Amino acid sequence: MGAEPAPRPQAKFCTGSILRHVVVMAGTGAIGLMAVFVVDLLNLFYIAWLGNPALTAAIGFSGVVSYVQIAVSIGLSIGIGAISGRLIGAGRIEQARRVASSFGIVMMVLCLLIGLITAWLATSILTLLGAGGEAARQAATFLEIISPGLPLIAAGMGCSGLLRAIGAARISMNVTLLGALISAILDPLLIIGLGLGLEGAAISTLFSRGFVAFMGFHRARQHGLLAWPIRTHVLTDTKLVGQVAMPAILTNLATPVSSIFVTHAMAGFGLAAIAGQATIERIVPVAFALVFALTGSVGPIMSQNLGAGRLERVRATLVASLWLVAGCVALTWAILFLTQDMVIRAFSAQGTAAMLIHLFCNWTIAGYVFIGMLFVANAAFNNLGFPLYSALFNWGRATLGTIPFVWFGMKFGPGGVQVGQVLGSVLFGSCAVMTAFTVVRRLHPGDRATEHAMPVIPPPQTGEAGLIELDELDHST
């Protein structure tokens, strides 16, 4: 009896309310992201309980390096999700499955190499950031444990991108939530109960990422999004996805590179400044999970409608996303303004650390309106065939929009560093969103935008042949 054919993914974003699609996709993506980042925030909370400022600072230093690794994984997942969504929107289902499978293998190998190199050079990298003493030793140990497991988070993000590309946002969210739940259970047990400190946090992170990778792969296969790669097409498929993934990686690297400069500047003001910065960097992803989720969540909506030639819906997606950003930032600002004293007490912040948190909750949080604009513009650029624009604006913000402002702000202490970091976002966020509207206006029905945005790829393998190879793989393991 032959195997049942894999289900065919559907282009569900080409009909129905755009606003509803944006809210559902961003909302479910935000819940998943928030779950992950709440765990990171709890890590900091548990470490703060130990009463060792060096450990809190070590989280800040290691977090900067981890963000660089995650930025690469995000860029790769954006590529695989954007191309798959565009192919599905154009009705080329078998090609979407084959391309996703080919690039998935390349993604895993690349992330393994990056993880091993990071673990090997951890001490040297932390020294360049300005870390020293116990903080540097603890941060190096953390990185040496989690870095070789980078392929796990890449696999989880890649499968999540594929699930979002077909509109299975709730399934993607549930996988992430379960992974976060595992980490939330293990963190207090390992960090406090067994007294492992940062080592316990690293071990918990590995278990959580491993679960998300396994469940994400399982769900992607269930939806017919993955098959056993075809060796002769791996190079061609990798080049196809790479045209979006590489600029997306460059784009996403800009933010952690900017954080590296800011962390180095803060290090000059002592461990308390680093601890305050680390606390804010853990609060931000939780507070603005909806804004961060927009880049990956609205991309499939844009790419499917681009593939289907529904360009008026692409414009509507951009507008709806910007309204969502404005509402999210306004609500978050109000909440943190009212609860800032509670936040400071919860993380045992004192002196410089407390001052930085107050400054963020009162004033600099407003800058995330413009950061949100930049994220929405990036989603448009990455999914409409202009990924280099994303790299241009993100790197502009990370260099011209950060270095001179932070350098000047250092003259006024750690508070000046924080203000300087935000000011560049105002300029580059505004310019990016205006450019995004220009790009969308230039997309006209009948101009074959899809073909310009995505090169022609070879004929796909039949679904039956793919299932046979996948079945052989299952029986050989």
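Here is a short briefing on the fold, surface and selected residues of this protein.

The model is predicted, so local features need pLDDT of at least 70 and side-chain atom pairs count only at pLDDT 80 or more, while totals for chains, interfaces and linings use all residues. Residues are numbered from 1 along each chain as its sequence is written, and side-chain values use heavy atoms, with hydrogens and water left out.

**Overall picture**

- The protein has 20 helices and 0 strands; these are DSSP runs numbered from the N terminus, with helices being H or I of at least four residues and strands being E of at least two.
- Of its 477 residues, 56% are buried, where buried means under 20% relative accessible area, exposed means over 50%, and partly exposed lies in between (1.4 Å probe, protein chains only).
- Among contacts with a separation of 6 or more, 85% link residues 24 or more positions apart; a contact means heavy atoms within 4.5 Å.
- The accessible surface is about 19500 Å², and 70% of that belongs to carbon and sulfur atoms. Accessible areas come from the Shrake-Rupley method with a 1.4 Å probe, and for residues only the protein chains shown count as cover.

**Helix α10**

- Helix α10 covers residues 271–287, 17 residues in total, and spans 24 Å from its first C-alpha to its last, close to the 24 Å expected at 1.5 Å a residue. The expected span is 1.5 Å times one less than the number of residues.
- Because 14 of its 17 residues are buried, α10 is largely enclosed by the rest of the structure.

**A nonpolar patch and Val109**

- Ile105, Val109, Leu113, Ile117, Trp120 and Leu121 make a nonpolar surface patch of about 620 Å². Patch residues have over 30% relative accessible area and no salt bridge; like charges are joined within 9 Å and nonpolar side chains (Val, Leu, Ile, Met, Phe, Trp, Tyr) within 5 Å. A salt bridge puts a side-chain nitrogen of Lys or Arg within 4 Å of a carboxyl oxygen of Asp or Glu.
- Val109 belongs to helix α3 (residues 93–120), and its relative accessible area of 48% makes it partly exposed.

**Gly367 in its loop**

- Gly367 sits in the loop between α14 (352–362) and α15 (368–383), and counts as buried because its relative accessibility is 6%.
- Beyond its neighbours within four places in sequence, Gly367 contacts Val422 and Ser425.
- The C-alpha atoms of Gly367 and Ser425 are 6.7 Å apart, although 58 residues separate them along the chain.

**Cysteines**

- The whole structure holds 0 disulfides, a disulfide being a pair of cysteine sulfur atoms within 2.5 Å.
- Cys111 is buried at 0% relative accessible area, and Cys361 is buried at 0% too.
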